[in-house]
Amino acid sequence: MIRVRGDAFLRADGRKGIRNTLAVIYLVECGHHVAREIQLPFRESGVHLLGFGGCYPNEYSFQMLSALATHPNVGGVLLVSLGCEGFNRAGLLEAVRRSGRPAELLVIQECGGTRATIAEGRTRVERMLRSLEAVPRATLALHELVVGTICGGSDGTSGITANPAIGLAFDRLVTAGATCIFEETGELIGCERILASRAATPAVGFQLVSSVEKAARYYATLGHGSFAPGNADGGLTTQEEKSMGAFSKSGSAPIAGLLKPGDVPQSGGLYLLDVVPDGEVRFGFPNVNDTAEIVELIACGSHVTLFSTGRGSVVGSAISPVIKVCANPETFRNLAGDMDIDAGRILEGRGTLPEVGDEIVALVEQVAAGMPTVSEALGHQEFVLGYKSFEPVGPACHPASA
Amino acid sequence: MDAILLSPLDNVAVVVRRLAAGSRAELEEGEVTLDRDLGLGHKIARRAIANGEKIIKYGVAIGSATCAIAPGQHVHLHNMQSDYLPTYTLETERIFRKAAIS
C-alpha cells in the first residue's frame, strides 16, 4: 500500500476526500446571484459555487448534482432555491443528508428575498464551516484515489507529449490499484478497433465500440465533431488524428468498464466515461466546453483531474483540483503562470516521456496530500451543468468491488 | 532533429520546432525543402503521397490525400481530409431516414 496522506477527510459514508469543500448550490439561474453573494466572502475559505440554470426538471442534472454534492471532497452543502423552479430540491437535500453530510436549504421566496437570503446564507455558511473543521481524518492510500483525465485546447503536440505522458502516469496509477477515468467518446472516433482490443471482456468491448458509434452519429447530426478551430491552427487536421492523440491519455491498461456521468466505479482500474447522451439527439451539443467534461469526471468520483493542453487552457474547477499538463513548450513559456507540468520539454530534448509520466504521478500524490495546483491557487473554480439524458449501463460494464 | 516519426509506418512526420518556408528540414530519410512556415505539431510528407492515398500517423490512417503531395510539403486541411465524418453523415442519414419511415 502506498500511503498518500494520513489526514484525508473521512466522510460519514466512508469515502475519503483530499479537500474539505463546502458547496453552495443554486437550483435555477434565478437563484444564481444570491448563491454567488453568499459564497463570495468565503471564496478563499474552501466554499465553492455550483448550480444548475434550468427551470425544467431533468433526471441527468439531478443525478449529477446528487453525485457532486456527495463527492468525497465535499463536506457540506447549502442549497439555494428560488422556490418555483422544477428542480427536486427536497430529493437533493435528502440525498445529501443520507450520505451523512450536513445539508441545508434556503428558499429565496420564503426567506424574504435577496438581502435576507444572502444574510441568512452567510450565517449558515459560517456555521457549517465550523462543523467541517471537526470532520474525522483518515489515512488515504494511492489505490483509493480516483483520477480523471481530459484534453482541451489540443494541438499537434498534445498527442506526442502530454497525452502519452498522462498515459504512462495512468499505467502506474492503475498498477498501484487506483481508479483512472478517461472520457470524450467523440474523441475516440477512428480508434474503435484499438479500443475494443483493450477491453477487459468482450461485453465491455461491445459497449465501448457502441458508445463511440453513438458519439459519431450524434456529432454527425449536429454537424460538428469534437474539433475546434484552434486544433487546426495547432496542426491537427482531422477528427481521427485528434482521436489517436487523445486516446494515448488512457495508457495501456485493460479497460475495465464503461461509465455514464455520475457512476462511481466500485473497484480500481481504467474506465471510459461515455459523455454523449443516449437516444435521439436533443438538448444540443454533448459537452458545451471542457468544464462540462471535467464536471462529469468529478461526478464519477475524480479527486483530481489531469488536463492536457497544447494551445493553453487556463481553467481549473470547483470541487476537485485540476493539474495542467502543457504539451507545447512554446505555450508553456507563454502561459507559465497557468501550467503545472512542462511536458513539451520532451520536444526540446529536456526530458523523456517516462520522466514526465513520473512527474505527473508525483504531483498527483502531492496534490492529494493537500498541495494546491496552479489553477487552484489562482482561484479557478469553473463549473457548468446543462441538460442531457442517459440510459443506465448494464451490469457487464460495472465490475463488482474486488 | 526538426521533425519526429511517430511510427515506422507513417508517411508524415511531426515538426517539433518552428520552421520557415524555404528552409531545409532534416528527416531521417534525408533533407527536404519546406513549402510553408510551419509551427510545432504540424505534419510534413516524408515521401511523395498520391492523390487519394491514406495519410498515416501513429501507424494508422488519419484521413486521405485530396491531391498529390510532394516530399517535405505541409500536410493539412488544404491537401487531406477526414475519411470518417463524411461516412458517418451518410450512415446517420440512413438511420434517421429509416427511423422516419417506420
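Which residue forms a salt bridge with B:Arg18?

Entry 1. I am working from a predicted model. I looked up B:Arg18 and found its partner to be A:Glu330, with the closest N and O atoms 2.6 Å apart. I then ran the rule across the interface of chain A and chain B, and three salt bridges came out.

Entry 2. I listed the helices on the side of chain A that touches chain B. Helix H7 (192-197), helix H8 (202-222), helix H9 (229-233), helix H10 (239-247) and helix H12 (329-334) of chain A each supply at least two residues of that side. I sorted the residues there by class and got ten nonpolar, twelve polar and seven charged.

Entry 3. I took the totals for the contact. Chain A gives 29 residues to it and chain B gives 29 residues. Between them the two chains bury about 2400 Å², and carbon and sulfur atoms account for 65% of that area. For polar contacts between chain A and chain B I counted 13 residue pairs, with both residues at pLDDT 80 or more.

Entry 4. Is B:Lys43 buried or exposed? I found a relative accessible area of 0% for B:Lys43, so this residue is classed as buried, the cut-off being under 20%. I placed B:Lys43 in strand E5 of chain B, residues 43-45.

Entry 5. Which side chain of chain A makes a polar contact with the side chain of B:Lys43? I found A:Thr237, at 2.7 Å from side chain to side chain. My note on B:Lys43 therefore reads: buried, at 0% relative accessible area, and in polar contact with A:Thr237 across to chain A.

How values were computed:
Residues are numbered from 1 along each chain as its sequence is written. Chains are lettered from A and ligands numbered from 1 in the order in which they are written. This is a predicted model: local features need pLDDT of at least 70, side-chain atom pairs count only at pLDDT 80 or more; totals for chains, interfaces and linings use all residues. Side-chain values use heavy atoms; hydrogens and water are left out. Contact means heavy atoms within 4.5 Å. Buried area is the accessible area (1.4 Å probe) that two parts lose on being put together, summed over both. A salt bridge is a side-chain nitrogen of Lys or Arg within 4 Å of a carboxyl oxygen of Asp or Glu. A polar contact is a pair of N or O atoms within 3.5 Å; within protein, one must be able to donate a hydrogen and the other to accept it, and residues adjacent in sequence count only if both atoms are side-chain atoms. Helices (H or I, at least four residues) and strands (E, at least two) are DSSP runs, numbered from the N terminus. Ala, Val, Leu, Ile, Met, Phe, Trp, Tyr, Cys and Pro count as nonpolar, Asp, Glu, Lys and Arg as charged, and the others, Gly among them, as polar. Buried means under 20% relative accessible area, exposed over 50%, partly exposed in between (1.4 Å probe, protein chains only).
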